[in-house]
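Here's a quick tour of the structure, taken one topic at a time. Have the 3D view open as you read.

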Amino acid sequence: MPQIKLAVFDMAGTTIHDENSVAKAFQAALNKHGYPLISLQEANEKMGYSKPQAIKELLEIHEEDLSKITAELIAKIHEDFVEGMMDYYQTDPSIRAIADAEEVFDQLHKWGIKVALDTGFSRDITDIILRRVGWTDGRYVDATAASDEVPEGRPTPHMIHQIMDELGIYDPKEVIKIGDTEVDVNEGHNTGCLMSIAVTSGIFSEEELIPHKPTHLVKNLTEILAIVEDYEKTLNQG
């Protein structure tokens with residue numbers, strides 16, 4: 001049994017408090033460009049994906065003439081989305097870490113496990129969030145990866161591979177992935193992670209996440225510590 005060396009967490013909805021801000025920003029950006037019928041449910045279903053990919057898929061639902069869905073249109077909508085998100089994360093008073101995130105990060109570090117974040121956000125938004133919650137000094141987070149830094153975002157393994165390379169970890173079975181969306185779960189599976197843990201404190205329920213076959217389901221981040229501790233006990237007994 002391999003030792004756990006790295007835990008990769010999602011950001012919005014998993015470790016960063018989110019009040020449906022991402023879905024609302026999708027709605028606003030698409031509405032500005034003539035697509036007012038995007039529902040919050042539809043936008044939420046694209047949570048976790050790289051944002052340009054999510055925009056493309058939402059347009060494909062509501063645009064009868066697919067020839068209108070050009071790279072230029074997607075880029076313009078994404079630009080407006082990013083502008084809205086940057087303003088939100090820079091100014092909104094609700095921005096904060098999930099209640100038990102820092103406690104969990106600290107305990108994982110005490111056990112010798114590195115902590116990383118990956119996200120469907122681009123690097124500019126990611127850095128604003130990290131500054132707002134005070135996670136830029138390396139105390140809580142050892143590495144981060146944003147979706148615009150890799151060839152493809154989740155659910156492909158590119159971001160986790162980038163983090164592993166940065167931290168000198170070469171076996172995905174030494175990595176656990178934690179997130180609140182189906183693309184988080186599938187990212188963990190596609191990378192070959194030891195565990196792909198789904199958290200139900202985000203926008204998706206247990207019933208919605210179960211079909212994607214997470215290795216574990218938890219209600220909050222603290223429950224992850226018991227999973228890791230039980231695994232380490234089994235490892236030491238072996």
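Let's start with one histidine: His-78 has 17% relative accessibility, which is under the 20% cut-off, so this residue counts as buried. Keep in mind that this is a predicted model.

**His-78 and where it sits**
- His-78 is part of helix H4.
- Leaving out residues up to four places away in sequence, His-78 touches Lys-51, Pro-52 and Ile-55.
- Ala-29 is 49 residues from His-78 along the chain, yet their C-alpha atoms are separated by 7.5 Å.
- One of those partners, Lys-51, also lies over the face of Phe-121, at 5.1 Å from the ring centre.

**How H4 packs against H6**
- Helix H4 covers residues 71-91 and helix H6 covers residues 123-133; their axes come within 9 Å and cross at roughly 5°.
- That angle is under 35 degrees, so H4 runs roughly parallel to H6.
- On the H4 side, the contact is made by Phe-81, Val-82, Met-85, Met-86, Tyr-88, Tyr-89, Gln-90 and Thr-91.
- H6 answers with Asp-124, Ile-125, Ile-128, Ile-129 and Arg-132.
- Sorted by class, this contact of H4 with H6 has nine nonpolar, two polar and two charged residues.

**Aromatic rings**
- The count of aromatic pairs comes to five.
- Take Phe-26 and Phe-81: the ring centres are 4.7 Å apart and the planes are at 15°, so this pair is stacked.
- Phe-26 belongs to helix H1 (residues 21-32) and Phe-81 to helix H4, so the pair ties together parts that are 55 residues apart in sequence.
- Both Phe-26 and Phe-81 are buried.
- Tyr-88 and Tyr-89 pair up edge-to-face, with 5.0 Å centre to centre and 75° between the planes.
- Tyr-88 and Tyr-89 are both buried as well.
- Elsewhere, Phe-9, Phe-105 and Trp-135 form one aromatic cluster.

**Two buried loop residues**
- Tyr-35 is in the loop between H1 and helix H2 (40-44), and its 10% relative accessibility means that Tyr-35 counts as buried.
- Not counting residues up to four places away in sequence, Tyr-35 touches Leu-30, Leu-59, His-62, Glu-63 and Leu-73.
- Of these contacts, Leu-59 is 24 residues from Tyr-35 along the chain, and the two C-alpha atoms are separated by 7.9 Å.
- Ser-50 is in the loop between H2 and helix H3 (51-62).
- At 12% relative accessibility, Ser-50 also counts as buried.
- Setting aside neighbours within four places in sequence, Ser-50 is in contact with Gly-120, Ser-147 and Gly-153.

**Helix H8 and its cover**
- The buried residues in H8 are Glu-182, Val-183, Asp-184, Val-185, Glu-187, Gly-188 and Thr-191.
- Their cover includes strand S2 (114-119), strand S4 (175-179) and strand S5 (195-199), along with helix H7 (158-167) and helix H9 (206-209).

Definitions and conventions:
Residues numbered from 1 in each chain as written. Predicted model: local features only at pLDDT ≥ 70, side-chain atom pairs only at ≥ 80, totals over all residues. Heavy atoms only, no water. Axes fitted to C-alpha atoms, helices over the stretch in contact; angles between N-to-C directions. Helix = DSSP H or I, 4+ residues; strand = E, 2+ residues; numbered from the N terminus. Parallel < 35°, antiparallel > 145°, perpendicular 65-115°, else oblique. Contact = heavy atoms within 4.5 Å. Nonpolar A, V, L, I, M, F, W, Y, C, P; charged D, E, K, R; others polar. Phe/Tyr/Trp six-rings, centres within 6.5 Å; stacked < 30°, edge-to-face > 60°. Buried < 20%, exposed > 50% of the residue type's maximum accessible area, 1.4 Å probe, protein only. Lys NZ or Arg CZ within 6 Å of the ring centre and 35° of its normal.
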